[in-house]
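This report goes through selected side-chain contacts and the cover of the residues involved. Please keep the sequence and the model at hand while reading.

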Amino acid sequence: MSKLFSFSGTDVFFPGSSIYPNPKESSLLLSLGRDVDVYFPSHKRSRISAPFVFSGERFEPKPSIEVLPDECLFEIFRRLPGGQERSACACVSKRWLTLVSDIRRDEISDNKTTEALNLKDVDCEVEDQDVEGGGYLSRSLEGKKATDVRLAAIAVGTASRGGLGKLSIRGSKSKRGVTTVGLRAISRGCPSLRVLSLWNLSSVGDEGLREIADGCHQLQKLDLCHCPAITNESLLALAKGCPDLTDLTIEGCANIGNEGVQAIARCCPNLKSLSIKDCPLVGDQGIASLLASASYSLTKLKLQALNITDVSLAVIGHYGKAVADLTLTSLPNVTEKGFWVMGNGHGLQKLKSLTVKACLGVTDVGLEAVGKGCPNLKQFCLSKCAFLSDNGLVSFAKAAASLESLELEECHRVTQFGFFGSLLNCGPKFKAISLVSCLGIRDLNLELPPLSRCGSLRSLSICNCPGFGDASLAALGKLCPQLQNVELHGLHGITDVGFLPLLESCEAGLVKVNLSGCLNLSDKVVCKMADSHGWSLEMLNLDGCCKISDASLIAIAENCQLVSDLDVSKCAITDSGIAALAGSDLINLQILSVSGCSMISDKSLPLLGKLGQTLLGLNLQQCKAISSGAVDLLVEQLWSYGSSIVRSSAPFSREYDHSPYFFLQVLFHQRSVTRFQFAGFSGARCFCLALFISTWAKLVVLLSSNVLQWRIENLESS
């Protein structure tokens with residue numbers, strides 16, 4: 001030690017001088033007395049606020065760009081020759097990023113030197129463009145990633161790559177959320193912005209929207225959802241600064257009222273779509289001004305949970321000359337008079353789609369008037385209309401001659417008479433009808449008029465209507481012989497007695513059949529369906545039909561050569577049924593679900609592997625008789641199909657989002673597990689195996705002729 005520090009035992013410990021040639025090192029000595037110092041090396045390099053050089057024991061400042069004020073740096077940045085150079089500078093620090101993002105396009109220097117350099121950079125910039133939707137980029141920020149710094153980075157980074165065309169921001173409760181600073185960066189760096197969505201941004205107010213209005217004059221679509229600090233001032237600024245606005249959505253903005261809507265109506269002559277929801281300050285005055293100003297341009301209108309009255313509906317019925325899609329939801333102050341006046345206004349001649357939900361003003365009289373006043377109406381959806389009865393439904397069916405689709409949900413006063421009456425009185429274009437949770441339906445033996453048929457109906461959907469039974473189904477088969485798509489979900493009253501006559505009456509050939517939740521159907525129905533409609537059947541869902549067994553799969557394997565989607569979850573299927581499917585040379589299944597089939601064992605795994613040659617999706621959840629070892633063998637077998645793919649030496653690619661997927665799910669005894677996915681594109685075979693084995697990680701494998709990528713993602717425990 002004494003040799004190291006060059007002193008003898010009695011010498012003074014370097015009196016009056018330093019043991020280190022560099023004066024900085026002396027700061028690391030902690031003095032414990034006159035002759036003793038302890039050396040503490042620093043674990044982290046010390047940061048100096050300004051650049052200095054050390055000469056002996058003197059500190060001399062060194063010239064640096066960091067000492068320049070913001071104004072000087074701003075002038076330097078705006079004189080850089082191209083966008084790529086400015087992007088590189090923005091990566092240095094947050095200070096430089098903020099300064100670069102504050103540069104407007106019109107503030108960039110246009111001297112001759114800059115122009116000459118820009119000409120040299122044109123080719124490389126064009127090659128570097130990420131073309132998305134007409135040559136503009138699309139970016140999205142969600143949750144904690146939605147910050148001002150990221151917005152500034154987007155503004156700078158996209159400026160030299162074709163320009164930002166679409167931006168979506170979904171905020172969170174984080175304190176570092178988006179503010180006016182971030183929107184200012186977007187307005188100054190992204191004048192090409194055309195689509196902007198702001199969701200759940202409590203810190204964004206009128207000042208931020210004014211920045212957007214001042215810099216993004218090409219804005220065409222704007223979504224403002226749950227932004228409580230935004231008021232009418234924002235809409236006033238946007239109306240003046242963005243006259244090309246065509247699509248506006250306002251939801252949950254409590255401080256926006258009639259004044260803002262009126263400004264949009266005055267200054268945006270090209271407005272085509274408007275949706276307003278949960279804005280209590282918007283009333284009849286705003287809606288009336290809007291419809292009067294945009295009478296010939298507004299094609300889509302959605303009003304939900306507003307304090308409007310019959311006056312607004314009267315204005316819609318008179319001035320909605322271009323409206324083709326109208327949605328009215330939860331309007332408690334609208335009465336029967338409003339719907340009657342809207343129908344008799346004769347202004348909705350172009351209306352093609354009408355949706356009315358939770359409006360107590362819908363009655364028989366109002367509905368008949370709407371049917372007469374909308375001669376081109378094709379799609380009509382009624383939900384939670386408590387005062388609509390059979391008479392109103394039949395009158396509407398008679399009046400709406402162009403109607404193609406009718407959907408009724410939770411209309412409990414509609415009974416069997418209204419349902420069949422609408423079918424008997426509908427026009428020649430009527431193609432689809434749907435009943436969802438209509439508790440007024442009761443199974444009655446109805447005597448239909450002779451020779452009365454609804455020959456145009458192609459699609460039938462009845463879900464969760466417990467009163468719908470065999471008698472109604474048999475009568476429906478006789479009334480609608482051209483059915484191709486049938487969905488009967490959760491109908492416990494349906495048995496073989498009612499469904500077999502329907503199969504015999506269908507002349508066109510069934511294409512898609514969904515019988516999920518029909519517990520009382522047996523193999524007799526499936527065998528008859530396979531025999532009579534196997535030549536046309538493409539999709540069959542028997543989920544929850546517990547009486548379905550291997551006999552049904554044998555019939556499907558022998559007769560249904562076009563079926564590509566088969567769901568027999570929670571059915572009485574065994575290994576023999578899977579063997580029948582695997583041994584058939586006729587069918588080419590793409591999606592197979594046997595979830596909850598507890599009698600399927602390890603014996604079926606090799607057979608499922610054989611089906612994997614054509615499958616794109618396989619669901620084995622809750623198959624408790626299948627062991628993890630058998631699943632491993634299945635993985636190897638599926639992997640062998642892609643062995644030639646695995647040997648490919650092509651580089652990784654990000655294009656797998658456009659590829660078809662093979663998806664296999666397995667769930668062992670309620671345990672969540674690791675997921676393996678194999679995906680391919682460009683016509684290559686693609687495989688995916690999802691095994692839920694751990695609660696902490698998810699392994700994703702992407703496999704194709706030119707892709708082999710492994711991703712590990714953290715996964716929250718389910």
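## A salt bridge within one helix

The side chains of Lys372 and Glu368 form a salt bridge, with 3.4 Å from N to O. A salt bridge here is a side-chain nitrogen of Lys or Arg within 4 Å of a carboxyl oxygen of Asp or Glu. Both residues belong to helix H14 (residues 364-373), and because they are 4 residues apart, about one helical turn separates them. Helices (H or I, at least four residues) and strands (E, at least two) are DSSP runs, numbered from the N terminus.

Lys372 is exposed, with 58% relative accessibility, while Glu368 is partly exposed at 28%. Buried means under 20% relative accessible area, exposed over 50%, and partly exposed in between (1.4 Å probe, protein chains only).

## Basis of the model

The model is predicted, so local features need pLDDT of at least 70 and side-chain atom pairs count only at pLDDT 80 or more, whereas totals for chains, interfaces and linings use all residues. Residues are numbered from 1 along each chain as its sequence is written, and side-chain values use heavy atoms, with hydrogens and water left out.

Side chains of opposite charge can pair when their charged atoms come close. The count of salt bridges comes to 5. One of them joins the side chains of Arg184 and Glu211 at 3.3 Å, N to O. This pair links distant parts of the chain, with Arg184 in helix H7 and Glu211 in helix H8 (residues 206-215), 27 residues apart. Arg184 is buried at 19% relative accessibility, and Glu211 is buried at 12%. A network of salt bridges links Arg184, Glu207 and Glu211.

Lys570 and Asp543 also meet through their side chains in a salt bridge, at 2.9 Å from N to O. Lys570 is in the loop between strand E21 (565-567) and H21, and Asp543 is in the loop between strand E20 (539-541) and H20; the pair links distant parts of the chain, 27 residues apart. Lys570 is partly exposed, with a relative accessible area of 45%, and Asp543 is partly exposed, with 22%.

## Helix H7 and two buried leucines

Helix H7 (residues 180-189) is mostly covered, with 9 of its 10 residues buried. Among the buried residues of H7 are Thr180, Leu183, Arg184, Ile186 and Arg188.

Leu553 lies in helix H20 (residues 550-559) and is buried, with 0% relative accessibility.

## Aromatic pairs

The whole structure holds 3 aromatic pairs. Phe380 and Phe396 form one that is tilted, with 4.5 Å centre to centre and 40 degrees between the planes. Phe380 lies in strand E14 and Phe396 in helix H15, so the pair ties together parts that are 16 residues apart in sequence. Phe380 is buried, with a relative accessible area of 2%, and Phe396 is buried at 0% relative accessibility. Rings of Phe, Tyr and Trp (its six-membered ring) pair if their centres lie within 6.5 Å; planes under 30 degrees apart count as stacked, over 60 as edge-to-face and the rest as tilted.

The rings of Phe419 and Phe468 have centres 6.3 Å apart and planes at 85 degrees, so this pair is edge-to-face. Phe419 is in helix H16 (residues 416-425) and Phe468 in the loop between strand E17 (459-463) and helix H17 (470-479), 49 residues apart, so that distant parts of the chain are linked. Both Phe419 and Phe468 are buried. Ring pairs join Phe419, Phe420 and Phe468 into a cluster.
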